[in-house]
Amino acid sequence: MYWFSILSHESYKLHQYLKTFSYSKKLVLTALLSALAAILQSTGNLLPGVGYFISPFATAPILICTMVSISFGLQSYVLTILLLILIQPSEFFVFPFTTGLVGIGIGIALYILQRRIAIIVFTSLLLLGGICFLLYIVQFPVLGPIASKSLSIKIIGFIYIFSFIYSWGWVELSRFIFKKWDKLMGKK
């Protein structure tokens, strides 16, 4: 039953809370979270070593903006891409097809699919598509020397397993964040 449980309770409460914000407050929140996502994504190049562990957290601001609404999530996604062009052009290739895509994917999946396994599979397929697009179409070495540029079912299988585990981790982390947020809102 773990895989088929519904995860949308906390995210729905967060969405209802964020819906009460005025339009200008939502825009400011989107702009701030987009700047935070761009900074987090840039840490991979700005702080070699430790930055690679920080940069995946660029997914969280995009996910929170998507919880405001899908349109604000997409606005945040595009704004972060534009900021990355200015701050760290090399991350411009990575963010739209990996961390940003995971944030948008989980947010949309929480609205539509609601079940854990469906959310994880949907997001992992998006991430697989993004990574394969970068590797095989753009020829950008997003995984470094681990994956070759020649198309291989074995490599795609490993990428999907990684995408599934990565998406699963983000779904559980977002659920943890939403539960903490719900407890904070309950204290007010």
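Trainee: What share of the contacts in the chain with a separation of 6 or more comes from residues 24 or more positions apart?

Mentor: Residues 24 or more positions apart make up 72% of those contacts, a contact meaning heavy atoms within 4.5 Å. Bear in mind that this is a predicted model, in which local features need pLDDT of at least 70 and side-chain atom pairs count only at pLDDT 80 or more, while totals for chains, interfaces and linings use all residues. Residues are numbered from 1 along each chain as its sequence is written, and side-chain values use heavy atoms, with hydrogens and water left out.

Trainee: And how many helices and strands are there?

Mentor: The chain has eight helices and zero strands, where helices (H or I, at least four residues) and strands (E, at least two) are DSSP runs numbered from the N terminus.

Trainee: What about burial, how much of the chain counts as buried?

Mentor: Of the 188 residues, 43% count as buried, which is to say under 20% relative accessible area with a 1.4 Å probe and protein chains only, whereas exposed is over 50% and partly exposed lies in between.

Trainee: Switching to the spaces, how much space lies in the largest pocket?

Mentor: About 650 Å³, and of the 24 residues lining this pocket, the closest to its centre are Val 94, Thr 98, Val 142, Leu 143 and Phe 162. On a 1 Å grid over the protein atoms alone, a pocket is an open set of points with protein on both sides within 12 Å along at least five of seven lines, a cavity is a set where a 1.4 Å probe fits but cannot get out, and lining residues have an atom within 4 Å of a point. Grid points are joined across faces, edges and corners, and a volume is the space filled by probe spheres set on the points.

Trainee: Which helix gives the most to that lining?

Mentor: α8 does, with five residues, while α2 (23–46), α7 (116–137) and α8 (153–187) each supply at least two.

Trainee: Any cavities, then, and how many of 30 Å³ or more?

Mentor: Two. The largest cavity holds about 50 Å³, and its lining includes Leu 7, Glu 10, Ser 174 and Phe 178, with α8 supplying the largest share, four residues.

Trainee: And what lines the second largest cavity?

Mentor: Ala 60, Leu 63, Ile 64, Trp 170, Ser 174, Ile 177 and Phe 178 line that cavity, and the elements giving two or more residues are α4 (59–68) and α8.
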